[in-house]
Amino acid sequence: MNADLIIANLLNPPVLFFLLGGLAVLVKSDLELPAPIPKALSLYLLLALGFKGGIALRENNDGLALPALGAALLMALATPIYAFPILRRRMTLPDAAAVAATYGSVSAVTFVTATAFLQRLGEPQSGYMTAALALMESPAIAVGVLFARLGQRNGDDMRSRFAVLLHEAMLNGSVLLLVGSLAVLVKSDLELPAPIPKVLSLYLLLALGFKGGAALRENNDGLALPALSAALLMALAVPLYAFPILRRRMNLPDAAAVAATYGSVSAVTFVTATAFLQRLGEPQSGYMTAALALMESPAIVVGVLFARLGQRNGDDIWGRFAALLHEAVFNGSVLLLVGSLAIGYVVGGAGGESLKPFTEALFPGLLSLFLLDMGLVVGRRLGDLRRMGAFPIAFAFGMPLFNAALGMGIARLIGLPVGDALLFVVLCASASYIAVPAAMRQALPQANPALYVTMALALTFPFNVVIGIPLYLSVIAAFW
């Protein structure tokens, strides 16, 4: 064995940190990672590994992919077959089957460590090996359960459990790193632990605000004031013309809540559009982040005022109005975005140079992880669509398109460049599913969140992210 390779592996940072963790337990240290963090890190590693492997697999043309994948499948099936008889001599049937399945399946973490080791040595590796990892995950589980089935008397019960285990083997979160919504539809266990999406959301708002503030300070094209004025105008106008339409088919609180939802904005849709422009190399201005912050709250106030006009118990509404105003203006998302924007403006581009690895290098990866979670959230809301009827569904698609067309006209009128025009249009076309629900719970508790949240989150949000953003840019590029 090459001693140099052993030393190189021991000096591999992931291995050293693994040893450090073992040492911490041995010396009874209180070092620990809070419960949700390891799960989130595991999902990140699988996402990054799968994404890079997929790109490499697409570019592979050495003809070795098929033989390698065939060999991987063969080993995944063979290992439990020859391991089980050995284990059965000294173990009970269930234990022997379980251990055989364990050693026939694979360790993604060991695979990731090996890829990092090869990368450190400068040794090339092919993308199809990531496909081999995915291929070898599940067959041994099925073989192990079959061995247990052969020795069980209660065949019917074992068959029913086999169907469940086969579903678990093929669709667990480690294998199924597809779009989050698909994971929900096939009842996978893929999920991000509760605090992680919140942390990702705060990071995206902080990074977006800081970069926008720094860019705003350096902006001198004279378009900031017209753009911000247009943003405020749209935030006020959308609920004004949406409410009468909604009121014909909905009760007063629901119509007011939905009008506020579509007059407010989605920060995640905006962040996705900025990443899309960055990928295309299309410039964008910092004042559009200020427009995002500016458009968050006015529609909430307008929506509640509409509800106030039709309420008999006016004192009750006015009594909650102060709390609503505080929630609309000072909720955590708005405060972090505005605060980061102000800090970015104060320190400028040069002052924020040291934060670039945090605000820029991490941004695309963490956005991808956050959108994976958003897909899961959307998937869980799809069941509510059956109870909504045709009108809310039509409104959830039609209103964004109308607002986008209106936004394009305004952007063209004030002379916004292509990148900023897209961001303005996206703000006009988006709908809030974070700020508005939080405010409506206080100001209009009688409004149905299953209606306005589902419309914004399960219909408008995925439509804008998947179809709307490229559609809007195509139209803008044709007319600019």
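1. A crossing of two helices is called right-handed if the near helix is turned clockwise from the far one by less than a right angle, and left-handed if the turn is anticlockwise. In this predicted model, the crossing of α4 and α7 is right-handed.

2. The helices in question are α4, residues 65–88, and α7, residues 128–135. Their axes come within 9 Å and cross at roughly 25°. Because angles under 35 degrees count as roughly parallel, α4 is roughly parallel to α7.

3. On the surface there is a nonpolar patch formed by Phe17, Leu20, Leu23, Leu26, Val27 and Leu31. Together these residues have about 660 Å² of accessible area. One of them, Leu31, lies in the loop between α2 (13–26) and α3 (36–59). Leu31 has a relative accessibility of 55% and therefore counts as exposed; the cut-off for exposed is over 50%.

4. Gly303 sits in helix α16, which covers residues 298–310. Its relative accessibility is 0%, so Gly303 counts as buried. Thr261 is 42 residues from Gly303 in sequence, and the two C-alpha atoms are 8.5 Å apart in space.

5. Ala450 belongs to helix α24, residues 449–479. Is Ala450 buried, exposed or partly exposed? At 31% relative accessibility, Ala450 counts as partly exposed, because that class lies between the limits of 20% for buried and 50% for exposed. Ala450 and Asp384 are separated by 66 residues in sequence, while their C-alpha atoms are 7.1 Å apart in space.

Definitions and conventions: Residues numbered from 1 in each chain as written. Predicted model: local features only at pLDDT ≥ 70, side-chain atom pairs only at ≥ 80, totals over all residues. Heavy atoms only, no water. Patch = residues over 30% accessible without salt bridge, like charges linked within 9 Å, V, L, I, M, F, W, Y side chains within 5 Å. Areas by Shrake-Rupley, 256 points an atom, 1.4 Å probe, with all protein chains shown as cover. Salt bridge = Lys/Arg side-chain N within 4 Å of Asp/Glu carboxyl O. Helix = DSSP H or I, 4+ residues; strand = E, 2+ residues; numbered from the N terminus. Buried < 20%, exposed > 50% of the residue type's maximum accessible area, 1.4 Å probe, protein only. Axes fitted to C-alpha atoms, helices over the stretch in contact; angles between N-to-C directions. Parallel < 35°, antiparallel > 145°, perpendicular 65-115°, else oblique.
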